[in-house]
Amino acid sequence: MKTRGRGLLAGVLAAALLAGCAQSVDPIERLGRKAAQRVRPHGPAGAAQPPYRRWGLTAPLAPAPRAVRLPAARSAGPGLPPVLSHVPTRDKVVFLTYDDGAEQDPRFVDMVRELRLPVSMFLTDSVVGPGYGHFARLQSVGASIQNHTLDHAALRGLPYLGQRAEICGQQDKLRARFGLRPRLFRPPYGTYDTTTLRAAGDCGVSAVVLWRAAAADDGALTYDGGARRLRPGDIVSIPSDETAGLTLRERTVGVLREAEKAGLTVGRLEDYV
């Protein structure tokens, strides 16, 4: 009887010890489970969502064809750079261009990186202000940096020296900050004259870039002549506006959806111009 009693007591003590150990481990296990939940990919059955779904697209963007740079576009006159709103190509691509630099959303950098978007950023020094670091990050994930003047002045009608100062001054700033002198220039508001083209050429600009389609504040696309839809070779302007109803990311997704509907993808403008 004594031996049996001692056996029962030992069993009870062992069970208690095991219960105590289980209780001491349980909080750690709970923390482990919570940590795993924090890093677990979202989506059905814990599967990671592909980038295109994270950014609101229904299918991945088709890769752009290998670009062959086209013959130089016709210039506006002897010694003047050409003016382009559309690239004459049969490749099923459109080109995404962004103006000013007011919106500096870090998630837009994530979007460009994850979707591998070959975007062109036309920057104005007085608008970017102290935010050049944001555009350095964009450049590091594949964006190109181009010229949109120092102060966003409407150039048409200004004297040559004033226009040259606006264009060359920003060329110098961008070269100092990014190590490359831009080849492309977009005049503010899309307005220019022969003096603008002469000043741009003298500042080392090889093409003046306008647009055929533009994304409005509500994301709707407006078109400058021709078909009211995206066509191969269209240059699309997505202005930077912190007061717009939709974010830069949302307006970009809207353009990408329209491109998908038209069977188009995104090309790198600098590969064609």
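Helices (H or I, at least four residues) and strands (E, at least two) are DSSP runs, numbered from the N terminus. Ser 144, for example, has its place in strand β4, which covers residues 144-147.

The model described here is predicted, so local features need pLDDT of at least 70 and side-chain atom pairs count only at pLDDT 80 or more, while totals for chains, interfaces and linings use all residues. Residues are numbered from 1 along each chain as its sequence is written, and side-chain values use heavy atoms, with hydrogens and water left out.

**The chain as a whole**

The chain has nine helices and 10 strands. Of its 273 residues, 40% count as buried, a word that stands for under 20% relative accessible area, with exposed meaning over 50% and partly exposed what lies in between (1.4 Å probe, protein chains only). The accessible surface of the chain comes to about 14600 Å², and 56% of this belongs to carbon and sulfur atoms; such areas come from the Shrake-Rupley method with a 1.4 Å probe, and for residues only the protein chains shown count as cover. Among the contacts (heavy atoms within 4.5 Å) in the chain with a separation of 6 or more, 71% are between residues 24 or more positions apart.

**Two buried residues**

Ser 144 counts as buried because its relative accessibility is 12%. Leaving aside neighbours within four places in sequence, Ser 144 is in contact with Val 119, Ser 120, Met 121 and Glu 270. With Glu 270, the side chain of Ser 144 also forms a polar contact of 2.5 Å; this term stands for a pair of N or O atoms within 3.5 Å, where within protein one must be able to donate a hydrogen and the other to accept it, and residues adjacent in sequence count only if both atoms are side-chain atoms.

Leu 138 belongs to helix α5, residues 132-140, and is buried, with a relative accessible area of 0%. When residues up to four places away in sequence are not counted, Leu 138 touches Phe 108, Val 109, Val 112, Met 121 and Ala 143. From Leu 138 to Asp 110 the distance in space is 8.9 Å, C-alpha to C-alpha, although the two are 28 residues apart in sequence.

**The disulfide**

The structure holds one disulfide, that is, a pair of cysteine sulfur atoms within 2.5 Å. Cys 168 and Cys 203 are the partners, with 1.8 Å from S to S. Cys 168 lies in helix α6 (residues 160-178) and Cys 203 in the loop between α7 (194-202) and β6 (207-209), so the pair ties together parts that are 35 residues apart in sequence. The link is left-handed, with -105 degrees about the S-S bond, and both cysteines, Cys 168 and Cys 203, are buried.

**Spaces in the protein**

On a 1 Å grid over the protein atoms alone, a cavity is a set of points where a 1.4 Å probe fits but cannot get out, and a pocket is an open set with protein on both sides within 12 Å along at least five of seven lines; lining residues have an atom within 4 Å of a point. Grid points are joined across faces, edges and corners, and a volume is the space filled by probe spheres set on the points.

| Space | Volume | Elements each supplying at least two lining residues |
|---|---|---|
| Largest cavity | about 30 Å³ | β2 (93-100), β3 (120-123) |
| Largest pocket | about 300 Å³ | α3 (106-115), β10 (265-266), α9 (269-272) |

The lining of the largest cavity includes Tyr 98, Met 121 and Leu 248.
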